[in-house]
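Dear colleague,

I am handing over a structure for you to look at.

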Amino acid sequence: MGNVFVLDHPLIQHKLTYIRSKETGTKEFRELVDEVAMLMAFEITRNLPLQDKTIHTPVVEAQAKVLSGKKIGLIPILRAGLGMVDGVLKLIPAAKVGHVGLYRDPETFQPVEYYIKLPSDINERELIVIDPMLATGGSANDAIHSLKKRGAENIRLMCLIAAPEGVEMIKEEHPDVDIYLGALDEKLDEKGYIVPGLGDAGDRLFGTK
């Protein structure tokens with residue numbers, strides 16, 4: 001059963017406060033999102049398996065720990081997910097990056113994939129789906145379905161902030177997916193925005209309206 005983890009590290013919470021503030025401009029917003037993504041990646045990778053390796057220090061031969069070769073894949077949901085990728089790559093530079101782009105057909109309301117490009121070995125990788133906002137849960141749900149359809153078996157979801165409605169959708173649709181959040185907010189408003197939220201993450205990252 002997938003679990004929900006709210007990463008309450010003081011540095012994450014401190015930086016999230018400034019990410020939320022409407023006084024924060026685009027440059028600072030990008031930098032803060034990058035920093036929080038790196039801090040969240042530190043928490044998400046806490047349980048990666050290790051193996052022993054023989055090394056030579058300047059003093060003696062010694063047994064030390066290295067990652068056991070578990071492959072990581074980062075899957076940002078376009079476009080806002082792009083703003084968190086570099087922060088994660090700073091900690092896991094060998095990770096491969098795939099991309100999923102989705103929109104909803106305005107008439108049928110069904111998800112339409114307009115772009116998907118993934119590592120060829122996603123079934124062997126531990127995938128981290130990245131999206132700053134988990135509001136209704138629709139985009140993340142569709143992206144995870146797209147990955148599973150292509151053979152992905154080990155998926156985690158990483159979001160800056162979420163509404164309870166989005167968390168419940170992912171738990172119901174994908175009970176095998178762990179969810180990592182910087183904050184779990186109160187609710188969605190009538191327009192589908194997270195309250196108190198941070199506005200539109202994509203617009204604030206890229207300076208659009």
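In these notes, Ala, Val, Leu, Ile, Met, Phe, Trp, Tyr, Cys and Pro count as nonpolar, Asp, Glu, Lys and Arg as charged, and the others, Gly among them, as polar. The model is predicted, so local features need pLDDT of at least 70 and side-chain atom pairs pLDDT 80 or more, while totals for chains, interfaces and linings use all residues. Residues are numbered from 1 along each chain as its sequence is written, and side-chain values use heavy atoms, without hydrogens and water.

A pocket is an open set of points on a 1 Å grid over the protein atoms alone where a 1.4 Å probe fits, with protein on both sides within 12 Å along at least five of seven lines; lining residues have an atom within 4 Å of a point.

The largest pocket holds about 670 Å³ of space. Its lining has 25 residues, and Asp131, Met133, Ala135, Ser139 and Asp200 are the closest to its centre. By class, 12 residues of this lining are nonpolar, seven polar and six charged.

Of its 17 lining residues, Leu48, Leu67, Ile72, Leu91 and Ile92 lie nearest its centre. This lining has 10 nonpolar, three polar and four charged residues.

Regards

How values were computed
Grid points are joined across faces, edges and corners, and a volume is the space filled by probe spheres set on the points.
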